[in-house]
Structures are given as structure tokens and as C-alpha cells.
Amino acid sequence: MVVRAGARRLRQHRRGIADRRFAVRLAAAAAVAAIAAAPFALVAVLVERQWRPLHRVDVDAARQLHAVATDHPGWTGTLRFLSDWVWDPLTLRLAVLAVTVWLLYRRAWRLAAWSATTAVVGGLIGLWVKLLVERARPSLEDPVAHAPGYSFPSGHAMTAATSCAILLLVALSLVPRRARPVCWALAVLSVVGVGFTRVALGVHWFSDIVGGWLLGAAVVTLTTWAFEAWRADAGMRRTPLASGLEPELRTEDPEDTPASRTGTGVRPGD
């Protein structure tokens, strides 16, 4: 009993140190993402104004997809429904909020912190870069849709990148191996679909979409690094991202389970 009590106190002490480092790393990841966004945005503006090949791609994509949209009103209505409801940033953020609340209910405290931080930081950085760049949206004859605010980066694309990554990395921890390709397919379809609808509706340039994807991916990469570092500090096993961020999520106590310390129990490939 004494040995067990001592081992428990040692684990708790190690977990406390890991938690403090996790909080610092999450904050550092957010700061690095925010700092990195500024030069990225400035370079993007410089490229957009001076590099003619990219400008031609933006203009050609906008004109060609807009021509299809004006010629096919029914198709355009479907795109607007997908963009304004299914893949709307509010819809995706509510989905992430629901997952975060569920993670708190499951006592997956650190994974919930990762989810919330990734979503909030992504949204704030996207807004900050929009205000920094102040890029105008496409101005087309006979527009089929309108959107307020500035254009770069696409808020829809960035929210899709961060939100779908959060939902995917949580889902991969819960579903069996055979169901994971479906999760990947849904995530990729959503991210690509969002970009296509925004350009086709004439409310974003192609480079706005790419910028949103890249910034979203940068935020997810940095916050995921912070979470993986916490797992290492806490003595939890390393797992491939293909198995999700926390494979122990299917256990009763995800962040304090013997499986996470000894390698028994839930396996990443299950």
C-alpha cells in the first residue's frame, strides 16, 4: 500500500508539472501562430499585388466559376445552402463547442483545452489578418452572392481547416480502424468543398482560400505539438496521429488510465 501510495503521488507530481508546461506551450503555440501570421499576410499581399501569374489565376477562377453560377441558378442555390448553412463558420464552431463540452463531460480536460484553444486562436488570427491586409473582395457583374468584410484570408476556409481538424482528431480516437477512412473523407470533402463554394459564389479569390487553409493548418499544427508534448511529459505513450490525439478517450478516465502508462488496454489500431 505504501509503495502504491508513493507511486500515485509521484504520478500526480509528474502530471502537475506536465499540466503547467502544457499551459505554457499552448500559450506559446498561440503566440507563435499569431506572430507568424503577420509576415505571411504581408508576403501574401505583396505577391497578390506584384506577381501577375497569381493574379491571373485569381481572376480566371473567379470569372469562370461565376459564369457557371449565373448560368445554373439551381446549382448556385445548392452552393449557397452548403456555404451559408452546412459549412458556415457558426455551424462548424457550434460543432466544435459541442465536442469540447462532451470532452469536459468525459473528463478529458487537456484535450478539451486543446480543442477550445485551437478554435479560438484560429478565429482571432483570421480576423486579425483580415484587418491587417484589408483586401477587397471580388467585384463581379451580376453577382450571385454577397459577403461583408475583407477578403484575405477566407474565414470560411480557415474555420473549416481548424474545425474539421479538431473534429477529425477527436473522432479518430473513438472510431475503429475500418471507419477512419470515412472520417478522413468527410473532413477533406468539407475543407475542399468550402473553398470551392466561396470561389464559385464570387465572394473570395482563390488565394484567399489557400491563405485560410495554410493559416488554419499552422494553428492546428502548433497546438497539436503542445498537446503531444504534454503526453510525453505526463508519461503517456506516443501514438500516431492516425489514431487520434488521445486513443485512451474510449476508457473511463482518458487522461489517467493504466493503458496510457503501461501500453495495455486500448490500442491505437483498435
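This is a predicted model: local features need pLDDT of at least 70, side-chain atom pairs count only at pLDDT 80 or more; totals for chains, interfaces and linings use all residues.

Me: How many helices and strands does the protein chain have?
Reply: Helices (H or I, at least four residues) and strands (E, at least two) are taken as DSSP runs and numbered from the N terminus. Read from that end, the elements run α-α-α-α-α-α-α-α-α. The count is 9 helices and 0 strands.

Me: What share of contacts between residues at least 6 apart in sequence joins residues at least 24 apart?
Reply: A contact here means heavy atoms within 4.5 Å. Among the contacts in the protein chain between residues at least 6 apart, the share joining residues at least 24 apart is 74%.

Me: How do α6 and α7 run relative to each other, parallel or antiparallel?
Reply: Helix α6 covers residues 155-171 and helix α7 covers residues 180-200; their axes are 9 Å apart and the angle is about 175 degrees. Axes are lines fitted to C-alpha atoms, for helices over the stretch in contact, and angles run from 0 to 180 degrees between N-to-C directions. Angles under 35 degrees count as roughly parallel, over 145 as roughly antiparallel, 65 to 115 as roughly perpendicular and the rest as oblique. The pair is therefore roughly antiparallel.

Me: Which residues of α7 make the contact with α6?
Reply: On the α6 side, the contact includes His156, Ala157 and Cys164. From α7 come Cys183, Trp184, Ala187, Ser190, Val191, Val194 and Arg198.

Me: Is Cys164 buried or exposed, and what about Cys183?
Reply: Buried means under 20% relative accessible area, exposed over 50%, and partly exposed in between (1.4 Å probe, protein chains only). Cys164 has 9% relative accessibility, so Cys164 is buried. Cys183 has 17%, and therefore counts as buried.

Me: How many disulfides are there?
Reply: A disulfide is a pair of cysteine sulfur atoms within 2.5 Å. By this rule, the count is 0.

Me: Which residues does Gly195 contact, leaving aside neighbours within four places in sequence?
Reply: Gly195 is found in helix α7. Its relative accessible area is 3%, so Gly195 is buried. With those neighbours left aside, its contacts are Ile209 and Trp213.

Me: What separates the C-alpha atoms of Gly211 and Ala157?
Reply: Gly211 lies in helix α8, residues 206-233, and is buried at 3% relative accessible area. Gly211 and Ala157 are 54 residues apart along the chain, and their C-alpha atoms are separated by 8.3 Å.

Me: Where is Thr76, and which residues does Thr76 contact beyond four places in sequence?
Reply: Thr76 sits in helix α3, residues 73-86. At 6% relative accessibility, Thr76 is buried. Leaving aside neighbours within four places, its contacts are Ala69, Thr70, Val144 and Leu201.

Me: What is phi of Arg107?
Reply: Arg107 is in the loop between α4 (89-105) and α5. At 37% relative accessibility, Arg107 is partly exposed. Its phi is positive, in a residue other than glycine, and near 65 degrees.

Note on methods: Residues are numbered from 1 along each chain as its sequence is written. Side-chain values use heavy atoms; hydrogens and water are left out.
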